[in-house]
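Please open the model in your viewer and keep the selection panel handy. We will go from stop to stop, with something to select at each one.

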Amino acid sequence: MTMGASMTSAGTDLLRERLQKRLDELRAEVRAASLRDASEAEAVVREAHDRGDEASAEIQLGIGDAELVRDLHELREVEAALQRMARGTYGQCEDCGQEIGEARLAAHPAARRCAACQAAQERRRPR
């Protein structure tokens with residue numbers, strides 16, 4: 001669905017606002033996580049007294065890294081959705097070219113694929 005094909009302009013505007021708000025939130029979270037990770041790594045070096053302390057600290061840093069990777073991935077998805085809006089291709093499945101349903105976009109505004117193509121993509125992913 002190119003913007004406006006079956007989705008109203010008001011619906012698209014609402015999704016654009018949600019995407020922009022989420023983009024702003026993610027950018028702030030990534031900035032904060034980057035600063036926090038740097039200070040936490042420094043504290044680990046200073047405060048680790050034994051192997052147990054080091055292992056615990058490494059686990060915490062690993063969790064922080066995983067969260068940062070997840071946030072960066074979502075940030076790229078949201079940016080791509082906003083770019084599709086700017087090009088007029090938002091709401092069009094990148095695999096089959098069909099419209100992505102409004103309900104799917106409402107649930108996941110950054111969706112790149114229709115539900116059928118997304119399910120097929122997930123089945124193809126190695127586990």
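The tour visits salt bridges and then a pocket.

Before you click, note that this is a predicted model, where local features need pLDDT of at least 70 and side-chain atom pairs count only at pLDDT 80 or more, while totals for chains, interfaces and linings use all residues. Residues are numbered from 1 along each chain as its sequence is written, and side-chain values use heavy atoms, with hydrogens and water left out.

**Stop 1: a pair in a helix**

A salt bridge here is a side-chain nitrogen of Lys or Arg within 4 Å of a carboxyl oxygen of Asp or Glu. The count by this rule is nine salt bridges. Select Arg-22 and Glu-25, whose closest N and O atoms are 3.1 Å apart in a salt bridge. Both sit in helix α1 (residues 9-47), and because they are three residues apart, about one helical turn separates them. Helices are DSSP runs (H or I, at least four residues), numbered from the N terminus.

How accessible are the two partners? Buried means under 20% relative accessible area, exposed over 50%, and partly exposed in between (1.4 Å probe, protein chains only). Arg-22 is partly exposed at 23%, and Glu-25 is partly exposed at 32%.

**Stop 2: Arg-70 and Asp-71**

Now pick Arg-70 and Asp-71, whose side chains form a salt bridge at 3.3 Å, N to O. Asp-71 counts as buried, with 7% relative accessibility.

**Stop 3: a link between loops**

Move on to Glu-94 and Arg-113, a salt bridge with its closest N and O atoms 3.4 Å apart. This pair links distant parts of the chain, 19 residues apart: Glu-94 is in the loop between α2 (51-87) and α3 (102-107), and Arg-113 is in the loop between α3 and α4 (115-124). Glu-94 is partly exposed at 44%, whereas Arg-113 is buried at 8%.

To see a network, select Arg-22, Glu-25, Glu-29 and Glu-74, which are joined by salt bridges that share partners.

**Stop 4: the largest pocket**

Which residues line the largest pocket? Select His-73, Glu-77, Arg-104, His-108, Ala-110, Ala-111, Arg-112, Arg-113, Gln-118, Gln-121, Glu-122 and Arg-125. A pocket, on a 1 Å grid over the protein atoms alone, is an open set of points where a 1.4 Å probe fits, with protein on both sides within 12 Å along at least five of seven lines; lining residues have an atom within 4 Å of a point.

Colour the lining by type to find two nonpolar, four polar and six charged residues. Helix α4 gives the largest share of the lining, three residues.

Key
Helices (H or I, at least four residues) and strands (E, at least two) are DSSP runs, numbered from the N terminus. Ala, Val, Leu, Ile, Met, Phe, Trp, Tyr, Cys and Pro count as nonpolar, Asp, Glu, Lys and Arg as charged, and the others, Gly among them, as polar.
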